[in-house]
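Welcome, and please load the model into your viewer. We will go from one selection to the next and look at what is there.

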Amino acid sequence: MNILEFTLLVWIGSFAAGFLGSLTGLGGGVVIVPLLTSVFGVDIRYAIGASLVSVIATSSGAASTYIKKGFTNLRLGMFLEVATTIGAIFGATIATFVSVKALTIVLAIVLLYSAYLSQQPKPEYPESELTNSLATHLKLNSTYPTPNGLMPYQVHSVPAGFGVMAIAGVISGLLGIGSGAFKVLAMDQAMRVPFKVSTTTSNFTIGVTAAASAGVYLARGYIDPGLSMPVMLGVLPGALLGARVLVGAKTKVLRIIFSLVLVLMAFKMVYNHLI
């Protein structure tokens, strides 16, 4: 395979990753890292470096669309970014001292557990419940558009969600996946935020988290421009297309796609690196 063929194939794979990342709130990195390591044989640390660049592109491409449509909860996203940014810097700092096998095992566990949690029954339009005093004080409650008009929702378990977000930041820095899986699940399961709001707010926040991690990887020489450029150029248009599709998609379908992508990537990485 020559350089041109390699670049073209990486671009196609990155386009698909950007589309899925935008649609599910995962950020694309959850597909990029297994794709580069399993299919193209790229060292996992360089794959993570390219993935972090792609996550920033995904977030930038999709976030503007979601904010215009009224899905993204900006106040909630900025509040949770405090936890994820701190975690991301810590995760990126220790990543270069962890073995490739350990990184692979951690990523597979994260993917499978995320897929399991995302399929737990939950109504598409949660009923209005008692307000949470901390969420009310921080003005985190909001509304989002549905076919029946704007639907209000309440944010719950703010401390628990903040804690999970800190873990999500560590995973982002350690694995370069944008930690979208944990971010979506923290908002969807722990904080009981509607799934579409969770995915769109996750897309908004992952760029900041990835930027914090990318600085550490850049300083350590793990971001290769020749690899990162086709990844970024593929992810960005994929993310924009995914943002358009999500607006009219069914929540149940999004959850199924979310879970399938996670399970497939987990088994692929385990098969290639551990068997």
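## Stop one: a proline inside a helix

Select Pro34, which is buried, with a relative accessible area of 1%. The cut-off for calling a residue buried is under 20%, so Pro34 qualifies. Keep in mind throughout that this is a predicted model. Colour helix H2, residues 29-39, and you will find Pro34 within that helix.

## Stop two: the whole chain

Zoom out and switch to a cartoon view. How many helices and strands does the protein chain have? The secondary structure comes to 11 helices and two strands. If you follow the cartoon along the sequence, the pattern reads α-α-α-α-α-α-β-β-α-α-α-α-α. Colour by accessibility next: of the 275 residues in the protein chain, 54% are buried.

## Stop three: the annotated segments

The UniProt record, an unreviewed entry, carries the annotation "transmembrane region" for several stretches, including residues 7-32, 44-67 and 88-116. Two others in that annotation, 203-223 and 229-246, are our next selections. Over residues 203-223 the chain is 81% helix and 0% strand, with the end C-alpha atoms 22 Å apart. Over residues 229-246 the chain is 100% helix and 0% strand, and here the end C-alpha atoms are 26 Å apart.

## Stop four: H9 against H10

Show helix H9 (residues 195-219) together with helix H10 (residues 225-248). Two packed helices are described by the angle between their axes and the distance between the axes. For H9 and H10 the angle is about 165° and the axes are 11 Å apart. An angle over 145 degrees counts as roughly antiparallel, so H9 is roughly antiparallel to H10. The crossing of these two helices is left-handed.

Which residues make the contact? Display Lys196, Thr199 and Thr200 on the H9 side, and Leu246, Val247 and Gly248 on the H10 side. Sorted by class, the contact of H9 with H10 has two nonpolar, three polar and one charged residues.

Stay on H9 and select Ser198, which is also found in this helix. Is Ser198 buried or exposed? Ser198 is buried, with a relative accessible area of 0%. Hide its neighbours within four places in sequence, and the residues in contact with Ser198 are Val184, Met187, Asp188 and Val193.

Most residues other than glycine have a negative phi.

- Arg192 sits in the loop between helix H8 (180-190) and H9. Its phi is near 55°, a positive value in a residue other than glycine. Arg192 is partly exposed, with a relative accessible area of 37%.
- Lys139 belongs to the loop between helix H6 (133-137) and strand S1 (142-146). Although Lys139 is not a glycine, its phi is positive, at about 60°. Lys139 is exposed, with a relative accessible area of 58%.

How values were computed
Residues numbered from 1 in each chain as written. Predicted model: local features only at pLDDT ≥ 70, side-chain atom pairs only at ≥ 80, totals over all residues. Heavy atoms only, no water. Axes fitted to C-alpha atoms, helices over the stretch in contact; angles between N-to-C directions. Helix = DSSP H or I, 4+ residues; strand = E, 2+ residues; numbered from the N terminus. Parallel < 35°, antiparallel > 145°, perpendicular 65-115°, else oblique. Left-handed = near helix turned anticlockwise from the far one by under 90°. Contact = heavy atoms within 4.5 Å. Nonpolar A, V, L, I, M, F, W, Y, C, P; charged D, E, K, R; others polar. Buried < 20%, exposed > 50% of the residue type's maximum accessible area, 1.4 Å probe, protein only. UniProt positions renumbered as here; feature names shortened; annotations may be inferred.
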